[in-house]
Amino acid sequence: MTALVHAAVSIVENIQLARQTNRIRFHCPELAAAIRPGQFLMIRLPRHSDPLLGRPFALYDTVLDDAGQPVAIDVVYLVVGKVTGLLADTKPGDLLEVWGPLGNGFPDYASIDHIALVAGGIGQTPFLAHVRDLLGTRGYGGRPPRRAAQNVSLYYGVRHADLAAGVEDFKRAGAAVHLSSDDGSVGFHGYVTQLLQRGERPQQLVGCGPEPMLRALAEVARDWNVPCDVSLETPMACGVGICFSCVTRVKQGDGWDYRRVCVEGPVFDASEICWG
């Protein structure tokens, strides 16, 4: 098990990617070397007691130095609440309190011809590092690069065109990007799961986004008889499994039981979740 890194870190940059969407970069070589795609970290603003607790943020990607060593972390966030509003006001040189890596991360896939990553809203954020990892262009968590998929598609749904964040990042990483929007302002006019069903059927599905989207994705996977993993966006308090505030129901035998999203997740087999 990877040791938990808990540190005060310095912000390198904080830039806007899209409407209400920023990317923050901070220097932390220990965390950058340890974290893997699908894992997350907690961020807290020092000298603030409101909010007192940290908030979870997915790894967007790690940043390499000139020698190819990971030294910094990129996190993409939607400015919607008190913490993200405070984050949006931070400047290079400001300090953050961070701890991680947390969660189980994405499974180790292998020998897949085509894998489709399906994102809704801010759900694209765990997928940039995942694309690089799947295509074998980068290694994470101390692992050497290893190609697990020949082709990676990103199906990315947003409410409006100006909320689509990081699209060029995914294209440069080697993913085939397919966009949808609720209002038709960019890409396919409709839900991202509807767009997915118009494309080539993959051998593996991975999703992240709002629960209704993930529920619809699980139904597509069941109809297609394709395995599907989902990264849940459940709100968290402690991030380390103590408070049990982030539980989700999973199938167990003829019934169900609770699992902590921060520890047993955030990535689960979609077929094992009780979607309600």
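Arg44, Leu45, His48, Pro51, Leu53 and Val83 line the largest cavity of this predicted model. About 30 Å³ of space lies inside that cavity, and the count of cavities of 30 Å³ or more comes to 1. On a 1 Å grid over the protein atoms alone, a cavity is a set of points where a 1.4 Å probe fits but cannot get out, while a pocket is an open set with protein on both sides within 12 Å along at least five of seven lines; lining residues have an atom within 4 Å of a point. Grid points are joined across faces, edges and corners, and a volume is the space filled by probe spheres set on the points.

Residues are numbered from 1 along each chain as its sequence is written, and the model is a prediction in which local features need pLDDT of at least 70, side-chain atom pairs count only at pLDDT 80 or more, and totals for chains, interfaces and linings use all residues. Side-chain values use heavy atoms, with hydrogens and water left out.

The largest pocket holds about 670 Å³ of space. Of the 26 residues that line this pocket, Pro56, Phe57, Ala58, Ile122 and Glu233 are the closest to its centre. β4, β6 and α2 (82-88) are the elements that give two or more residues to the lining; β4 gives the most, with 4 residues. Helices (H or I, at least four residues) and strands (E, at least two) are DSSP runs, numbered from the N terminus.

Strand β4 also belongs to an open sheet of 7 strands, in the order β4-β3-β7-β1-β2-β6-β5, with antiparallel pairing. Two strands pair if DSSP finds at least two bridges between them. β4 (55-58) and β5 (61-64) are the edge strands, each pairing on one side only. From one strand to the next the twist averages 40 degrees, where axes are lines fitted to C-alpha atoms, for helices over the stretch in contact, and angles run from 0 to 180 degrees between N-to-C directions. Within this sheet, strand β1 (residues 5-18) and strand β7 (residues 95-102) run antiparallel and are joined by 6 bridges. Valine 5 has glycine 100 in β7 as its bridge partner. The peptide bond from glycine 100 to proline 101 is cis, with omega near 0 degrees, and proline 101 is in strand β7. In the loop between β1 and β2 (21-27) lies glutamine 20, which has a positive phi of about 65 degrees although it is not a glycine.

A second open sheet has 7 strands in the order β11-β10-β9-β8-β12-β13-β16, and its pairing is mixed. β11 (188-189) and β16 (267-269) each have a single partner strand, so one side of each is left without a neighbour in the sheet. β8 pairs with β9 in the parallel sense over 8 bridges, and 5 bridges join β8 to strand β12 (residues 204-208), also parallel. Alanine 119 has tyrosine 156 as its bridge partner in β9 and stands opposite cysteine 208 in β12. Strand β9 (residues 149-158) has 8 of its 10 residues buried, so it is largely enclosed by the rest of the structure. Buried means under 20% relative accessible area, exposed over 50%, and partly exposed in between (1.4 Å probe, protein chains only).

Aromatic contacts come next. Rings of Phe, Tyr and Trp (its six-membered ring) pair if their centres lie within 6.5 Å; planes under 30 degrees apart count as stacked, over 60 as edge-to-face and the rest as tilted. By this rule there are 4 aromatic pairs. Phenylalanine 57 and tyrosine 77 have ring centres 6.5 Å apart and planes at 80 degrees, so the pair is edge-to-face. This pair links strand β4 to strand β6 (residues 70-78), its members being 20 residues apart, and both phenylalanine 57 and tyrosine 77 are buried. Phenylalanine 106 and phenylalanine 127 form a stacked pair, at 5.9 Å centre to centre and 25 degrees between the planes. Phenylalanine 106 is in the loop between β7 and β8 (112-120), and phenylalanine 127 is in helix α3 (residues 127-135).

Strand β14 (residues 247-252) runs antiparallel to strand β15 (residues 255-260), with 6 bridges between them. In this hairpin, which has 2 residues between the strands, glycine 253 takes a positive phi near 60 degrees.
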